[in-house]
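Thanks for coming. I will go through one structure, element by element, and keep it short.

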Amino acid sequence: MSHPHVSDYDTISFDCYGTLVDWESSIVNTLQELLQSHDANMNNDVVLEYFANWEPEEQSRGGSYRSVLHRVLERYGFRLGFKPRDDDFSVFEECIARAIPFEDTVDALASLKRNFKLAVITNTDNDLFAITSASLKIDFDYVITAEDTGYYKPNRKMFEAAIAELGDTGRLLHVAQSVFHDIAPANVLGIDSVWIDRTEGKPGATKTSDESPKWAYTNLRDFSQELLNES
């Protein structure tokens with residue numbers, strides 16, 4: 001099976017939430033605490049199923065990512081018959097930003113940084129990504145957010161804005177967990193892509209898609225080692 005080669009790319013771009021940090025655990029743990037405080041109950045898999053459907057619907061309405069999450073939490077409340085408190089909104093709006101990096105993330109980014117320019121293309125606000133960035137322990141060469149572009153993935157216009165900043169798509173490799181948000185639009189624009197299959201068949205916080213990446217791995221460690229010929 002073919003694999004990506006270190007000499008083929010100048011820049012590697014990453015999705016952040018779900019790829020670099022474990023947003024699904026943060027979503028589930030935070031929402032379950034909020035639901036319990038309102039005497040509401042929902043299975044973890046269903047929590048993620050609703051989030052996967054509601055988040056892109058609210059993103060299509062526009063506004064900051066904080067406002068997107070605000071509206072998503074209102075929908076959980078409407079569904080389960082409770083009214084979120086002001087504190088609930090602030091906690092939920094920042095829970096994803098405070099998600100913990102996967103155990104392979106920091107080392108993989110540090111290894112890749114020695115050979116490539118690194119970018120992040122993320123559906124969030126600048127202040128929320130700043131919270132996350134501190135835990136990644138890397139200085140990205142490019143940070144492209146939904147706040148800066150005015151679009152949310154999978155809208156291809158977000159990737160077009162990123163390409164305008166990053167340059168030649170033929171020398172760009174995009175790495176992401178979400179086929180729906182990232183791999184599908186990358187394919188449309190002719191960007192080589194790597195799928196990091198973090199959920200491995202379990203329910204996730206993103207919609208499914210029939211699109212296929214150029215390569216697939218279950219973690220960033222294996223991807224970075226193979227790319228750098230270190231395995």
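I begin with strand E4, residues 172–176: five of its five residues are buried, so the strand is largely enclosed by the rest of the structure. Please keep in mind that this is a predicted model.

Why can one strand have side chains on two sides? In a regular strand the side chains alternate between the two faces of the sheet. In E4, both faces are covered. Leu-172, His-174 and Ala-176 are buried on one side, and Leu-173 and Val-175 are buried on the other.

Now the partners of E4. Strand E1, residues 11–14, runs parallel to E4 and is joined to it by four bridges. Within that pairing, Ser-13 has His-174 of E4 as its bridge partner. E4 is also joined to E5 by four bridges, again in parallel. There, Ala-176 stands opposite Trp-195 of E5.

Val-194 has Trp-215 in E6 as its bridge partner.

**The whole sheet**

In what order do the six strands come? The order is E3-E2-E1-E4-E5-E6, in an open sheet with parallel pairing. Strand E3 (142–145) and strand E6 (215–217) stand at the edges with a single partner strand each, so one side of each has no neighbour in the sheet. On average, neighbouring strands are turned by 20 degrees against each other, direction ignored.

**Helix H3**

Next is helix H3, residues 65–80. With 16 residues at 1.5 Å a residue, H3 should span 22 Å, and its end C-alpha atoms are 23 Å apart, which agrees. Which residues of H3 are buried? They are Tyr-65, Val-68, Leu-69, Arg-71, Val-72, Leu-73, Tyr-76 and Gly-77. Just after H3 comes Gly-81, with a positive phi of about 80 degrees.

**The cavity**

Last, the empty space. Rolling a probe the size of a water molecule over the atoms shows where such space is left. How many cavities of 30 Å³ or more does the structure hold? It holds one. The largest cavity has about 110 Å³ of space. It is lined by 13 residues, and those closest to its centre are Asp-15, Tyr-17, Trp-23, Glu-55 and Asn-123. Helix H2 and helix H9 (179–188) each supply at least two residues of the lining.

That is the end of my tour; I am happy to take questions.

Technical notes:
Residues are numbered from 1 along each chain as its sequence is written. This is a predicted model: local features need pLDDT of at least 70, side-chain atom pairs count only at pLDDT 80 or more; totals for chains, interfaces and linings use all residues. Side-chain values use heavy atoms; hydrogens and water are left out. The expected span of a helix is 1.5 Å times one less than its number of residues. Buried means under 20% relative accessible area, exposed over 50%, partly exposed in between (1.4 Å probe, protein chains only). Two strands pair if DSSP finds at least two bridges between them. Axes are lines fitted to C-alpha atoms, for helices over the stretch in contact, and angles run from 0 to 180 degrees between N-to-C directions. On a 1 Å grid over the protein atoms alone, a cavity is a set of points where a 1.4 Å probe fits but cannot get out, and a pocket is an open set with protein on both sides within 12 Å along at least five of seven lines; lining residues have an atom within 4 Å of a point. Grid points are joined across faces, edges and corners, and a volume is the space filled by probe spheres set on the points.
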